[in-house]
Amino acid sequence: MSAVPRAISLLRSATLSDGSVVDVEIMGDTVTAVRPAGGTPSAAASETIDLTGFVLLSAPAEPHAHLDKALSWNLIDPPMGDLGLAIQSWKDYSATMSVESIVDRARRAALLLLQNGTTAVRCHVDVLSGDSPLRGVQALVQVRDELSELMHIELAALAGPTIPTADVEAALDLGVDLVGGAPHLADDQSVDLQRLLAIAAARGVGVDIHTDESLTGDHTLAELARTVRHWPKSMPVTAGHCVRLGTLEHGELDDVIDEVLASDIGIVTLPITNLYLQGWQHPVSTPRGLTAVRRLLDAGVRLGAGADNVRDPFNPVGRSDALETASLLVTAGHLTLAEAYAAVSDGARSVMNLEPAGALVGAKAELLAVRGGNLADVVANAPADRYVIHAGRLVAFSEVTHHTPLPTRTAEPTELLLEKR
């Protein structure tokens, strides 16, 4: 295999999730033909990949990352625990960070995502406290620019309740795409939510809000939905976490979902981080730290799924692999395999306001090929053999060789041999 990145014009003998085996033609960043395998391509194929034995999928998108926090667990050595402990650990450490140190971790974390197949990332980046509040923003803008030919990265300014409005506006001036925040941490959740939405409305940008990240207490999702009801499509609205939805009674839950549908808000569930952070106060019958994924999907809400934090105070584990998130949605969220993978791919892209992708004529050539026989095999085993295509170009591939001894076969007993005769 030659060096990456390189343009690809033909994928041969790929198995789709429905079991069909096809050839896929690509021109530029777009899929132009999908035909039964073995046919004659419509044009001479200059760059071809043989995907015999691989499942071809829409490339994952990560709709909720924290690249500025990623890979910091070993540096911080924080106590394991709930959201409050994680926030305090991060606050203490973040006061010591330089732009260069954030760049280094964020770049490595982004490339881990790319290596595993994720070609689009929405990253929440903290607007920090202190004299240099934009260190994280400066670092992530640099990483976004460095990797722009390899993957799509967009940024949301994560502003806590004590962060001045002027600092959020300064982050937007530096090139951040969206306004973010965490009103559930404020003494008055509604006041902080409305402050963040007013900043976005004044600047004409979308929002991605950490929403109702608790199992009990007040919730603001319905208020968010009513406030943005008439925002234009150019100002997309996303609500992440929404853990409180998972503990509401059916009637109240249905009322909130109606508000979400009326405003076409995208919801992002983050199983690995919220399963870790929520429920520490419930040693018996520990509740799941998930939003109401089944009810949201059945109602027709746009649902994406992501990993959120990776190996930092908010989540000590994580493989930077969308197949891990999909597997957790099956296990903890009771989604089907197809629904779970859709949440980390097509659903995530929809929440991020990106164009449809996959092995469909006219779709964007954002593709992931994983060695395996079918979708269940791929989600269960997460094989490392992969080809990653972004904008019609091969941007990463992994080839793994296994060395496993075979057991010695013993001779069959003489009596058994006689019976077979």
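Modeller: Rings of Phe, Tyr and Trp (its six-membered ring) count as a pair when their centres lie within 6.5 Å; planes under 30 degrees apart are stacked, over 60 edge-to-face, and the rest tilted. The model is predicted, so local features need pLDDT of at least 70 and side-chain atom pairs pLDDT 80 or more, while totals for chains, interfaces and linings use all residues. Numbering starts from 1 along each chain as its sequence is written, and side-chain values use heavy atoms, without hydrogens or water.

Rings first. There are 4 aromatic pairs in the structure. One of them joins Trp 90 and Tyr 93: the ring centres are 6.1 Å apart and the planes meet at 45 degrees, so this pair is tilted. Both residues sit in helix α2 (residues 83-94). Helices here are DSSP runs of H or I with at least four residues, strands are runs of E with at least two, and both are numbered from the N terminus. Because Trp 90 and Tyr 93 are 3 residues apart in α2, about one helical turn separates them. Trp 90 is buried at 4% relative accessible area. Buried means under 20%, exposed over 50%, and partly exposed in between (1.4 Å probe, protein chains only). Tyr 93 is buried too, at 18%.

Tyr 276 and Trp 280 make an edge-to-face pair, because their planes stand at 85 degrees, with the centres 5.7 Å apart. Tyr 276 is buried, at 13% relative accessible area. Trp 280 is partly exposed, at 40%. Elsewhere, Phe 54, Tyr 387 and Phe 397 come together in one aromatic cluster.

Now the strands. Two of them pair if DSSP finds at least two bridges between them. An open sheet is built from 8 strands, in the order β7-β8-β9-β10-β11-β12-β13-β14, with parallel pairing. From one strand to the next, the twist averages 25 degrees. That angle is taken between N-to-C directions on a scale from 0 to 180 degrees, with axes fitted to C-alpha atoms.

Inside this sheet, β9 (residues 152-159) and β10 (residues 178-181) run parallel and share 4 bridges. Leu 158 faces Gly 180 of β10.

Strand β12 (residues 237-241) is mostly covered, with 5 of its 5 residues buried. It pairs in parallel with β11 (residues 207-211) over 5 bridges. Thr 211 has His 241 of β12 as its bridge partner. Between β11 and β12 the chain passes through helix α7 (residues 221-227), and this β-α-β crossover is right-handed. Right-handed means that, with the strands pointing away from the viewer, the path from the first strand over the helix to the second runs clockwise. β12 also pairs in parallel with β13 (residues 266-269), over 3 bridges. There, Ala 239 is bridged to Ile 267 of β13. With helix α8 (residues 250-263), β12 and β13 make a β-α-β unit that is right-handed.

Next, the antiparallel strands around β3. Strand β3 (residues 21-27) is largely enclosed by the rest of the structure, because 5 of its 7 residues are buried. Its antiparallel partner β2 (residues 10-15) is joined to β3 by 4 bridges. Leu 10 has Glu 25 of β3 as its bridge partner. The β2-β3 hairpin has 5 residues between the strands, and Gly 19 there takes a positive phi near 95 degrees. β3 also pairs with β4 (residues 30-36), in the antiparallel sense over 6 bridges. Ile 26 stands opposite Val 31 of β4. The β3-β4 hairpin has 2 residues between the strands, and Gly 28 has a positive phi near 65 degrees.

A cavity is a set of points on a 1 Å grid over the protein atoms alone where a 1.4 Å probe fits but cannot get out; lining residues have an atom within 4 Å of a point. Points join across faces, edges and corners, and volume is the space filled by probe spheres set on them. By this rule there are 2 cavities of 30 Å³ or more. The largest cavity holds about 90 Å³ of space. Its lining has 13 residues, and Leu 67, Leu 113, Asp 308, Val 310 and Ser 320 lie nearest the centre.

Definitions and conventions
On a 1 Å grid over the protein atoms alone, a cavity is a set of points where a 1.4 Å probe fits but cannot get out, and a pocket is an open set with protein on both sides within 12 Å along at least five of seven lines; lining residues have an atom within 4 Å of a point.
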